[in-house]
Amino acid sequence: MPDAQRGLVAAWYRADWWLWLLRPLELFFRSFAAVRRQCYRWGLLTRYQPETPVVIVGNITVGGTGKTAVVIALVEALQGMGVRAGVVSRGYGATASHYPYTVTDASAADECGDEPLLIYRRTRCPCVVDPARATAVASLVDSFDVDVVISDDGLQHYALARSMEIVVLDAERGVGNGFCLPAGPLREPASRLRSVDYVLHRGGDDPMTGVRYQPDGLVNIRSGERRPACPESVGNRVNAVAGIGQPMQFFESLRLLGFEIEQHEFPDHHNFSPADLSGLPDRPIIMTEKDAVKCTEWAGDNAWYLSINVQVPNAVIQAVAALARN
């Protein structure tokens with residue numbers, strides 16, 4: 001993340017006074033977002049309504065809040081209940097030659113995006129990528145026999161009708177200073193949260209709304225070997241590598257596990273290459289799983305990713321399953 005962008009994000013969550021100077025632009029953005037949403041509600045703009053229920057897992061803030069991890073946890077829980085789920089995604093950074101694009105075993109992260117590839121590899125569920133999510137859903141339900149479609153992000157993609165909306169917020173950051181872009185981190189006013197079905201808080205302790213992220217092992221990127229997530233497994237001093245929206249949370253997770261880390265921060269969705277890792281100190285490398293899917297073809301023998309077990313409130317899982325069964 002460029003220094004200027006990082007500084008703006010920090011200012012949003014510190015509620016710096018000078019952000020009030022951006023309020024005229026913020027009011028224009030807020031008004032535009034409200035009018036656009038109302039046009040869809042009034043039918044002035046058309047939306048695609050599939051017969052299969054669609055569940056949106058999105059957010060109202062800019063930056064990572066852990067939506068993809070929640071999508072994976074939902075799909076895995078539904079699969080355990082015999083519910084067939086499919087996933088659609090924008091595929092941030094994807095360069096596929098055609099859309100809609102169906103993720104397969106032969107897909108690469110630069111073709112479909114790192115998050116869709118991670119979802120597919122973790123869950124093996126059908127996953128379709130298209131910048132227009134309505135088109136992705138149409139392709140998914142035409143090509144696969146699914147009981148429910150889960151959209152990774154897309155809360156503001158109103159061209160796609162939905163049966164349920166789930167918003168994921170960071171429990172510590174919340175909605176920042178409460179302003180919309182560019183004066184704050186919000187894509188829509190905070191009042192939008194009153195109209196969604198569930199608001200989940202990453203890192204929250206409430207059993208009804210909290211989403212807990214529990215490290216459950218280290219996985220070798222090349223071989224798939226699993227080891228306990230502790231310094232005794234690979235060594236105390238490690239290179240911690242992250243190209244995600246909030247890398248500091250990943251770095252802190254490793255410190256809490258007892259590792260002495262050297263931080264290597266890359267932009268969110270960074271397209272890793274061997275050159276990014278070749279110059280690092282000669283010690284084990286630990287990455288996020290989202291980053292690791294881009295390194296499987298060339299990662300060294302001492303490169304690992306931290307496997308995370310995500311716990312979503314059972315009430316949310318049951319509600320999605322009930323939609324699929326109706």
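Figure 1. Valine 54 touches Val137, Val149, Leu160, Ala161, Arg162, Ser163 and Met164, leaving aside residues up to four places away in sequence. Contact means heavy atoms within 4.5 Å. The structure is a predicted model: local features need pLDDT of at least 70, side-chain atom pairs count only at pLDDT 80 or more, and totals for chains, interfaces and linings use all residues. Residues are numbered from 1 along each chain as its sequence is written, and side-chain values use heavy atoms, with hydrogens and water left out. Valine 54 sits in strand E1 (residues 54-58). Helices (H or I, at least four residues) and strands (E, at least two) are DSSP runs, numbered from the N terminus. Valine 54 has a relative accessible area of 1%, so this residue is buried. Buried means under 20% relative accessible area, exposed over 50%, and partly exposed in between (1.4 Å probe, protein chains only). Glycine 224 lies 170 residues from valine 54 in sequence and 33 Å from valine 54 in space, C-alpha to C-alpha.

**Figure 2. The buried residues of helix H6.** Helix H6 covers residues 133-143. Its buried residues are Arg133, Ala134, Ala136, Val137, Ser139 and Leu140. These buried residues pack against E1, strand E2 (85-89), strand E4 (127-129) and strand E5 (148-152). Val137 of this group is also one of the residues that valine 54 touches.

Figure 3. Five of the five residues of E2 are buried. In a regular strand the side chains alternate between the two faces of the sheet. Ala85, Val87 and Ser89 point one way from E2. Gly86 and Val88 point the other way. E2 pairs with E5 in the parallel sense, over five bridges. Two strands pair if DSSP finds at least two bridges between them. Serine 89 stands opposite aspartate 152 in E5. E2 and E4 also run parallel, joined by three bridges. Here valine 87 stands opposite cysteine 127 in E4.

**Figure 4. Helix H3 packed against helix H5.** Two packed helices are described by the angle between their axes and the distance between the axes. H3 (residues 67-80) and H5 (residues 114-123) pack at about 25°, with axes 10 Å apart. Axes are lines fitted to C-alpha atoms, for helices over the stretch in contact, and angles run from 0 to 180 degrees between N-to-C directions. H3 and H5 are therefore roughly parallel to each other. Angles under 35 degrees count as roughly parallel, over 145 as roughly antiparallel, 65 to 115 as roughly perpendicular and the rest as oblique. The crossing of H3 past H5 is right-handed. A crossing is right-handed if the near helix is turned clockwise from the far one by less than a right angle, and left-handed if anticlockwise. H3 brings Thr68, Val71, Ile72, Val75, Glu76 and Gln79 to the contact; H5 brings Glu115, Leu118, Ile119, Arg122 and Thr123. Five of the contact residues are nonpolar, three polar and three charged. Ala, Val, Leu, Ile, Met, Phe, Trp, Tyr, Cys and Pro count as nonpolar, Asp, Glu, Lys and Arg as charged, and the others, Gly among them, as polar.

**Figure 5. Helix H3 crossing helix H11.** The axes of H3 and H11 (residues 314-325) come within 10 Å and cross at roughly 65°. This crossing is right-handed too. Leu74, Ala77 and Leu78 of H3 meet Val316, Ile317, Val320 and Ala321 of H11. The contact has seven nonpolar, no polar and no charged residues.

Figure 6. Glutamate 289 is in helix H10 (residues 289-292). Its relative accessibility is 12%, so glutamate 289 counts as buried. Glutamate 289 touches Leu118, Arg122, Tyr305 and Leu306, not counting residues up to four places away in sequence. E12 (residues 285-288) pairs with E13 (residues 303-311) in the parallel sense, over four bridges. Methionine 287 has tyrosine 305 in E13 as its bridge partner. E10 (residues 237-242) pairs with E12 in the parallel sense over three bridges. Asparagine 239 has isoleucine 285 in E12 as its bridge partner.

**Figure 7. Backbone details in the loops.** The peptide bond from tyrosine 99 to proline 100 is cis, with omega near -5°. Proline 100 is in the loop between E2 and strand E3 (101-102). Arginine 124, in the loop between H5 and E4, has a positive phi near 60°. Its relative accessible area is 46%, so arginine 124 is partly exposed.
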